Amino acid sequence: VVRDEKNKTFQQEFLLSGSTGPLKWTAGLFYFQMKPSIQPISTEATGPSTTNVGRFVDLDLKSYAAYAQGTYAVTDALQLTAGIRYTEDKSTLNGTLLTLPGHPLGAGVTLASVSDKKLNSDKITWRLAADYQVSPDLMVYASASRGFKSGQFNLSSPTQVPTDPETLDAFELGFKSDLLEHRLRFNASVFRYNYKDIQLVQVAPPPINIQTLNAAKARVNGAEFEVVAVPPVGVGRLEIGATLSLLDGKYRDFPDAPYFVPNPYAAPPPGVTCPTDTSTAAGGNTSCKFDASGRRMIRAPKWTVGLNADYTVPVGPGDLEITANFYHNDGF
């Protein structure tokens, strides 16, 4: 697969912030434009094949947003935050699929095309939060927020139906602490993410290669822990840290999830629906479907751990920083 892509982007934001008594506020306007041009994405086999196809794609994406957020100090210890944002994304797609040399139809034959295909997504998102300073060394907080990702075209397959917008509702409860005269920091949080129409990408058989789709609903429950120690050293500054993340992520509703069965096969696995009950093909895979509701989400390891150390020591007129990091997850 060969991909030649050029991107032009423009971004502008106007921001206004201030304070009125116990209220601190921020408001703004945002604009973003992107024009990726792909000339082409080509799939080329070593011999005659229907996979010898090139895709010529142009996309014009514009995003507009307006937002405001304020934090109100109820007391010296308690703060309340509320924010709202309106976003509107507009996309226009033009694309053509052409045969390349080696295709049975010959080179230069138009297989499919789309012209000025529109996709508009708009959403009101929000954030609510509260934090309370229990003591100079301990702060507890809670938050609820909604975010979204606009619907997307598949540039690898411009004739494919675009994905629906993805919505995420996030809830978090935690605390942050600085102990032992700021020599020890310990933070912890628990959270829940509720996804609706979560966007996924799968590898598909040629000539599509990459396919985008929506899973109806998903939920992630998790917890995160962080500890940072700054032990006294004779020269410089030493900082040692560790993190632990626990995740339980499952699809709540995903009735037509993709499932690939290696060829040949006498029958698909239980619960899997294939175009045919048997396949005598010598190799490759058959694209099938199954109900992934209740199954573990992709790219969601059950736990991850990280360790890091950072030592900064004065050297001449500057500093020398030595860093070491370790990361591990249990698989996904």
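Modeller: Cys274 has 10% relative accessibility in this predicted model, and because the cut-off for buried is under 20%, Cys274 counts as buried. Cys288 is also assigned to the buried class, with a value of 3%. These two residues are joined by a disulfide, with an S to S distance of 2.1 Å. The count of disulfides comes to one. The link of Cys274 and Cys288 is right-handed, with 100 degrees about the S-S bond. Cys274 sits in the loop between strand E12 (272-273) and strand E13 (285-290), while Cys288 belongs to strand E13 itself, so the bond ties together parts that are 14 residues apart in sequence.

As for the strands, an open sheet of twelve runs in the order E1-E2-E3-E4-E5-E6-E7-E8-E9-E10-E14-E15, and its pairing is antiparallel. Strand E1 (2-20) and strand E15 (318-329) stand at the edges; each has a single partner strand, so one side of each lacks a neighbour in the sheet. From one strand to the next, the twist averages 15 degrees. Strands of a sheet pair through backbone hydrogen bonds, in either a parallel or an antiparallel sense. One of the pairs here is strand E2 (residues 23-43) with strand E3 (residues 53-73), which are antiparallel over 17 bridges. Opposite Ser37 stands Asp58 in E3.

Definitions and conventions:
Residues numbered from 1 in each chain as written. Predicted model: local features only at pLDDT ≥ 70, side-chain atom pairs only at ≥ 80, totals over all residues. Heavy atoms only, no water. Disulfide = S-S within 2.5 Å. Helix = DSSP H or I, 4+ residues; strand = E, 2+ residues; numbered from the N terminus. Buried < 20%, exposed > 50% of the residue type's maximum accessible area, 1.4 Å probe, protein only. Pairing = 2+ DSSP bridges. Axes fitted to C-alpha atoms, helices over the stretch in contact; angles between N-to-C directions.
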